[in-house]
Amino acid sequence: MIEPWPRGRVDVLTALLADPVMMEHLGGPETPERIAKRQADYERPGSGQYAIVADGEPVGWVGHWEREWRGGRVLEIGWSVIPSYQGRGLASAATAEALERARVESALRHVHAFPAADNGPSNGICRKVGFELLETLEFEYPKGTFMQCNDWRYDLRA
């Protein structure tokens, strides 16, 4: 279901991150330069970034990364699936698999997801996978853009 992010597949990131509809809840589409930087970062071994694979091809992305949150270190997780593959449970299954990998790979205890409060599908994935809703808050992403997000937490030691 997930595999380390493949080399040279900037086309998949472009489909996910340059599309205004796909990026509606994330501050708008990313530039080609930003997407190229992500591709290079995601390709690095141990990056925590994975391709969601269906029908033998990458059709989405799921990944986790360390961040500072409320005075401590946590993992943050995110995901995205190309529209023609949405609604099949791929993001939920891939997120669950990425959490299991994080459980093995990370010494950190908590993983947070911060979907926009009005992003029903992403909040549904958090619920389905077993995250706990902590609060709704104003979140800055990308830098300079503020939005209402839900703070969901997953305990890797539970």
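Which residue stands opposite His112 in β5? The answer is Glu76. The structure is a predicted model, in which local features need pLDDT of at least 70 and side-chain atom pairs count only at pLDDT 80 or more, while totals for chains, interfaces and linings use all residues. Residues are numbered from 1 along each chain as its sequence is written, and side-chain values use heavy atoms, with hydrogens and water left out. Helices (H or I, at least four residues) and strands (E, at least two) are DSSP runs, numbered from the N terminus.

**The sheet**

- Seven strands make up an open sheet with mixed pairing, in the order β1-β2-β3-β4-β5-β7-β6. Two strands pair if DSSP finds at least two bridges between them.
- The edges are taken by β1 (2–4) and β6 (132–140), each with a single partner strand, so one side of each has no neighbour in the sheet.
- From one strand to the next, the twist averages 35 degrees. Axes here are lines fitted to C-alpha atoms, for helices over the stretch in contact, and angles run from 0 to 180 degrees between N-to-C directions.
- Strands of a sheet pair through backbone hydrogen bonds, in either the parallel or the antiparallel sense.

**Strand β5 and its partners**

- Strand β4 (residues 72–81) pairs with strand β5 (residues 110–113) in the parallel sense, over two bridges. Leu75 stands opposite Val111 in β5.
- On the other pairing, β5 and β7 run antiparallel and are joined by four bridges. Here Val111 stands opposite Tyr154 in β7.
- In a regular strand the side chains alternate between the two faces of the sheet.
- In β5, His110 and His112 point one way, and Val111 and Ala113 point the other way. All of these residues are buried, a term that means under 20% relative accessible area, with exposed over 50% and partly exposed in between (1.4 Å probe, protein chains only).

**Strands β6 and β7**

- β6 and β7 run antiparallel and are joined by eight bridges. Glu138 stands opposite Gln148 in β7.
- The hairpin of β6 and β7 has five residues between the strands. In this hairpin, Gly144 takes a positive phi near 95 degrees.

**Helices α1 and α2**

- Helix α1 (residues 10–17) and helix α2 (residues 32–43) have axes that come within 10 Å and cross at roughly 130 degrees.
- α1 and α2 are therefore oblique to each other. Angles under 35 degrees count as roughly parallel, over 145 as roughly antiparallel, 65 to 115 as roughly perpendicular and the rest as oblique.
- The crossing of α1 and α2 is right-handed. A crossing is left-handed if the near helix is turned anticlockwise from the far one by less than a right angle, and right-handed if clockwise.
- Val10, Leu13, Thr14 and Leu17 in α1 meet Ile35, Arg38, Gln39 and Tyr42 in α2, where contact means heavy atoms within 4.5 Å.
- The residues of this contact of α1 with α2 divide into five nonpolar, two polar and one charged. Ala, Val, Leu, Ile, Met, Phe, Trp, Tyr, Cys and Pro count as nonpolar, Asp, Glu, Lys and Arg as charged, and the others, Gly among them, as polar.

**Helices α3 and α4**

- The axes of helix α3 (residues 90–105) and α4 come within 10 Å, crossing at roughly 50 degrees. α3 and α4 are therefore oblique to each other, and their crossing is right-handed.
- Ala91, Ser92, Thr95, Ala96 and Leu99 in α3 meet Ile125, Lys128 and Val129 in α4. By class, the contact of α3 with α4 has five nonpolar, two polar and one charged residues.

**Two buried residues**

- His64 lies in strand β3 and counts as buried because its relative accessibility is 8%. Not counting residues up to four places away in sequence, His64 touches Leu75, Glu76 and Ile77, among others.
- Cys126 has its place in helix α4 and counts as buried because its relative accessibility is 0%. Leaving aside neighbours within four places in sequence, Cys126 is in contact with Trp79, Ala113, Pro115, Phe131 and Trp152.
- Cys126 and Tyr154 are 28 residues apart in sequence, and 8.7 Å apart in space, C-alpha to C-alpha.
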